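This report goes through a two-chain model, with the sequence and structure shown first.

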Amino acid sequence: MKILVAVKQVPDTATQVKISSDPKAIDTAGITWIVSPYDEFAIEEALRIKEKRGQGEVVAVTLGPDRAKETLRSALAMGCDRAIHVNDPALANADTMTTARALAAVVKQEAPQLVLCGRQAIDDDAGAVGAQLAEVLGWPCASWIMEETIDADAKTVRVGRQVEGGLEVFDIPLPAVLSAQKGLNEPRYPTLKGIMGAKKKEIKDVKASDLGLSSITPELSITALEALPARPPGRIIPGDVKDAVKELVRSLREDAKAI
Amino acid sequence: MDFALTEQQELIRKEVSALARSFPPEYWLEKDTKAEYPFEFVKAFAQAGWLGVIIPEEYGGSGLGVTEASLMLHDIAASGAGTSGCSPIHFYCFPPMPVIKHGSETLKRKYLPRIATGEIVMSFGVTEPNAGTDTSRIQTRAEAKGDRFIVNGRKVWNTNAQNATHTLLLARTAPRDPAKPFKGLTLFFTEFDRTKITVRVIEKLGRAAVDSNEIYIDGLEIPMENVVGEVGSGFYHLLDSLNPERVMTGIEAVGIGRAALARAVDYAKERIVFDRPIGQNQAVAHPLAMAWAKLETAELMCLKAAWLFDHGQPCGAESNAAKLIAAEAGFEACDAALQTHGGYGYAKEFHVERLWREVRLYKIAPVSQQMVLNHISEHVLHLPKSY
């Protein structure tokens, strides 16, 4: 069974993201880049499916600039068999729909029986690409999955997806697109042998033209990014408790209009 | 000249860092408080194959060099694991080196694959209570009897001896000749036979999680085939372990310094006194900036020495210099970090205190700063020997 995993390189969760001099972009200087954590669940699940079935191929794919290759190398170190890097300046400002179209073109060339991705990338948190990819392909899709079981013939997959207070269980015909929620599994750490082996695995570079994407017109464009307003400083009300409480209540009522 | 790490080395750093950071500072605080060996941590590194980093591929390891082992140990230290995390792991990195370089094929086949998987827990027995750095005067004797050696003596500062299954052991096999004091010493790689070795733990300033011990060897039998290299040349074989040990412990000190510095910088940004973050005061900022610069410098020296070793070039002076500068830089960084935290630096829950206690070790071990200076004075500057 061939599985394609779509991954994205994002700033480390510990990074303090700043807006750059171009107000439509973040300042990437000094950022540590990681594989988006939800995508790691997707990679892990793909590897487990392959291991459980005793055969198959897991292909990692990403869309991004040169540095995004590190993400693919990490995926290969975890155990993916090969990787595809969609790397084209024409796709530098791809919105979710453009990304989905590019990924769909890769899927058509690779013809996997399953596509896995994270429920969202933790940078822009759009959470749209998985569903859009399924839509472009005309495939069924389940988002935020917590468990999956593929039947022996790889014809259908039973998925449990997280809903308020429980799981919603579906039987979905394959091929399909599934997006991973936290809890699906516990991603492995790459072994040293995995890291050394990753060097020898293929990363194929692909341009928009290789995917037959002629005109790329994003349907969304960013107008501006705004930092959260600085939180106003707190206020300490001095005086003895009786007066301070009175002032606190007055201030909550009249200044903050909270009560 | 090229200072860039390879893509593979970058990935090693990243993944070691991720794995090490999955053990939070609270884990290490608890291990330190309870003086518990970090078995979970070592197991995680064993499972991911890191213990075999320098074991050649044909013996089940990854065949990488002192450079990669150093990068790994740096990132373990820098994760906040400090010496408590590094010590159990570095015993898989430098003690096997003489076996790899000088051991017989039988010895290598028998032990190296089990070191790579972590099945063997290593100890290292060189230092003695009555010899210290004056290694040629060790008193532990190994006498040949038929197809084996019988060993009697004492060793001190044996790390890991509470749990060790095997040890690298240096013993005298011929009387000391003042003309060639380092001849007549033999290196053994042997099982840690607890019926013949008594172990007594030493309580100490830091790294309570990883035991240091005094051991008493009484009639330990070692088969002839467990001699590493040539009988009588053990000290020279050991040098292939001692230089990597200096590089690796040096870069551990750098990592610990960076762990402390990172905490201090965060604290200096957040802590508001007199209506400003304390890091805005140059008296707070400059020691941290200086610590950063010295840590960078020390890391360069460590990596240069590692590069020389990996390229089969002499690296005694550089390894010693790396350890010297790194121990200073690491300590100064931890001290500046502790000072930045003020009273909280003294509190265990801020984690700098543990790092500060641990990093002090590197000015003493694996060799004291003073003996490094002696080495450089005598062997690099060719000044008359002072002792």
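Where is the place of B:P366 in chain B? B:P366 sits in the loop between α10 (352-359) and α11 (369-380) of chain B.

## Basis of the model

This is a predicted model, in which local features need pLDDT of at least 70 and side-chain atom pairs count only at pLDDT 80 or more, while totals for chains, interfaces and linings use all residues. Residues are numbered from 1 along each chain as its sequence is written, chains are lettered from A and ligands numbered from 1 in the order in which they are written, and side-chain values use heavy atoms, with hydrogens and water left out.

## Cis peptides and positive phi values

Most residues other than glycine have a negative phi, and most peptide bonds are trans. The peptide bond from B:A365 to B:P366 is cis, with omega near 0°. In chain A, a cis peptide bond joins A:L174 and A:P175, with omega about 0°. A:P175 is placed in the loop between β9 and β10 of chain A. Helices (H or I, at least four residues) and strands (E, at least two) are DSSP runs, numbered from the N terminus.

B:N160 has a positive phi near 75° and is not a glycine. B:N160 is found in the loop between β3 (148-159) and β4 of chain B and is buried, at 1% relative accessible area. B:H382 also has a positive phi, near 60°, in a residue other than glycine. B:H382 lies in the segment after α11 of chain B and counts as exposed, at 64% relative accessibility. Buried means under 20% relative accessible area, exposed over 50%, and partly exposed in between (1.4 Å probe, protein chains only).

## Chain A overall

Chain A has six helices and 11 strands. The C-alpha trace of chain A spans about 75 × 45 × 40 Å along its principal axes. Of the 259 residues of chain A, 44% count as buried. Among contacts in chain A with a separation of 6 or more, 70% come from residues 24 or more positions apart; contact means heavy atoms within 4.5 Å.

The accessible surface of chain A is about 14,100 Å², and 53% of this belongs to carbon and sulfur atoms. Accessible areas come from the Shrake-Rupley method with a 1.4 Å probe; for residues, only the protein chains shown count as cover.

## The sheet of chain A

Nine strands of chain A form an open sheet with mixed pairing, in the order β9-β8-β7-β10-β6-β1-β4-β5-β11. At the edges stand β9 (166-173) and β11 (203-206) of chain A, each with a single partner strand, so one side of each is left without a neighbour in the sheet. Neighbouring strands of this sheet are turned by 35° against each other on average, direction ignored. Two strands pair if DSSP finds at least two bridges between them.

Strands β4 (residues 57-63) and β5 (residues 82-86) of chain A pair in the parallel sense over five bridges, and A:V61 stands opposite A:I84 in β5(A). β7(A) and β10(A) run parallel and are joined by three bridges, with A:I145 opposite A:A180 in β10(A). β7(A) is also joined to strand β8 (residues 156-163) of chain A, by five bridges in the antiparallel sense. β7(A) and β8(A) form a hairpin with five residues between them, and A:A154 in the turn has a positive phi of about 55°.

## Helices across the sheet

Helix α2 (residues 69-78) of chain A lies across β1 (2-7), β4, β5 and β11 of chain A and runs at about 165° to β5(A). Helix α4 (residues 129-137) of chain A lies across β6 (114-118), β7 (141-150) and β10 (176-180) of chain A, at about 180° to β10(A). Axes are lines fitted to C-alpha atoms, for helices over the stretch in contact, and angles run from 0 to 180 degrees between N-to-C directions.

In strand β4 (residues 166-172) of chain B, seven of its seven residues are buried. B:H166, B:L168, B:L170 and B:R172 point one way from β4(B), and B:T167, B:L169 and B:A171 point the other way. β4(B) pairs in the parallel sense with strand β1 (residues 122-125) of chain B over four bridges, and seven bridges join β4(B) to the antiparallel strand β5 (residues 185-191) of chain B.

B:F235 is found in helix α7 (residues 234-270) of chain B and is buried, with a relative accessible area of 11%. Not counting residues up to four places away in sequence, B:F235 touches B:T135, B:L170, B:F182 and B:L185.
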